[in-house]
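Me: I've got a model open and want to talk it through. Can you take my questions as they come?

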Amino acid sequence: MRFSLVIPCYNEAANLPLLLERCAPLGRLDGVEVILVDNGSTDASAQVLAALLPACPGCRSVRVERNQGYGHGILAGLAAASGEILGWTHADLQTDPQDALRGLALFERHGDAIFVKGRRHGRPLADVLFTAGMSCFETLLLRAPLWDINAQPTLFPRRFSNSWRAAPDDFSLDLYAYYQARRAGLAVHRFPVRFGQRAHGVSHWNVNWAAKRKFIQRTVSYSLQLKAALKP
């Protein structure tokens, strides 16, 4: 298997039909699989996946019985994946799963010793400013260029993720993977992706400034842990 794309899904039953419609062409490609992680959903996600996946060859699901965070769901999907190149993206369709094919093309162009992330455009100004502030903070704190950390998709070679230790279970996984790629000396390649509105429902974290504040607190706390780990 050349490429495995992991998509964590938490209470995304309403999004799943359209998500699978976008994923189905990926699953039909030789050497590509799509793994949808039912990340402890309490809605009808399991039933929707059971009904729709038989019509989507190359797409499958794994189930996390109890939600333990966004990162935990991704790590569960990566553990089940068989690709030489691994990646993840979001289930909310704010970015298109098929963007991963443009990321995969960068591996064909530059070789497998790279780290690939999307670079979002089309976002509200407030979100752009928020991202810029967090990016500057992380770059200065960790002394590594880290920009638009939570952009998707994210792709990397399997042997890189095999080196991870104590990867976080929450949204800090994006920061962890990006930072570890910088530390490992992987060439980082970015490509533009359109960032749109959710197809259905609301974000599980980016709902208001109180949620942003909570996200900042978690991210800063984890960033300080990473910083402390660098000390001799």
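Me: What does serine 4 touch, not counting residues up to four places away in sequence?
Reply: Serine 4 touches Glu33, Ala81, Ser82, Gly83, Ile85, Leu86 and Gly87. Contact here is heavy atoms within 4.5 Å. This is a predicted model, where local features need pLDDT of at least 70, side-chain atom pairs count only at pLDDT 80 or more, and totals for chains, interfaces and linings use all residues. Residues are numbered from 1 along each chain as its sequence is written, and side-chain values use heavy atoms, with hydrogens and water left out.

Me: Buried or exposed, that serine 4?
Reply: Serine 4 counts as buried because its relative accessibility is 0%. Buried means under 20% relative accessible area, exposed over 50%, and partly exposed in between (1.4 Å probe, protein chains only).

Me: Which strand is serine 4 in?
Reply: Serine 4 lies in strand E1. Strands (E, at least two residues) and helices (H or I, at least four) are DSSP runs, numbered from the N terminus.

Me: How many residues of E1 are buried?
Reply: Seven of the seven, so E1 is largely enclosed by the rest of the structure. Phe3, Leu5, Ile7 and Cys9 point one way from E1, while Ser4, Val6 and Pro8 point the other way.

Me: How many bridges join E1 to E2?
Reply: Seven bridges, with E1 and E2 running parallel. Valine 6 stands opposite isoleucine 35 in E2. Two strands count as paired if DSSP finds at least two bridges between them.

Me: OK, what order do the strands of the open sheet come in?
Reply: The order is E3-E2-E1-E4-E6-E5-E7, seven strands with mixed pairing. E3 and E7 are the edge strands, each pairing on one side only. E5 and E6 pair in the antiparallel sense over two bridges, and the bridge partner of valine 116 in E6 is leucine 155.

Me: Which strands does H7 lie across?
Reply: H7 lies across E4, E5, E6 and E7, and runs at about 130 degrees to E5. For that angle, axes are lines fitted to C-alpha atoms, for helices over the stretch in contact, and angles run from 0 to 180 degrees between N-to-C directions.

Me: Switching to the inside. How many residues has the largest nonpolar core?
Reply: The largest nonpolar core has 34 residues, and Leu78, Trp88, Phe115, Leu146, Phe156 and Trp164 have the most contacts inside it. H7 gives the most to this core, with seven residues. A nonpolar core is a set of buried Ala, Val, Leu, Ile, Met, Phe, Trp, Tyr and Cys residues joined through side-chain atoms within 4.5 Å.

Me: And what is phenylalanine 115 in contact with, leaving aside neighbours within four places in sequence?
Reply: Its contacts include Phe156, Phe160, Tyr178, Val188 and His189.

Me: Last topic, helix H4. Which of its residues are buried?
Reply: Asp99, Ala100, Gly103, Leu104, Leu106 and Phe107 are the buried residues of H4. Seen down the axis of H4, they fall within an arc of 145 degrees, so they line one face of the helix. The arc is that of the directions from the helix axis to the C-beta atoms.

Me: What do the buried residues of H4 pack against?
Reply: They pack against strands E1, E4, E5, E6 and E7.

Me: Which residues are exposed on the other side of H4?
Reply: Glu108 and Arg109 are exposed there. Just after H4, glycine 111 takes a positive phi of about 90 degrees.
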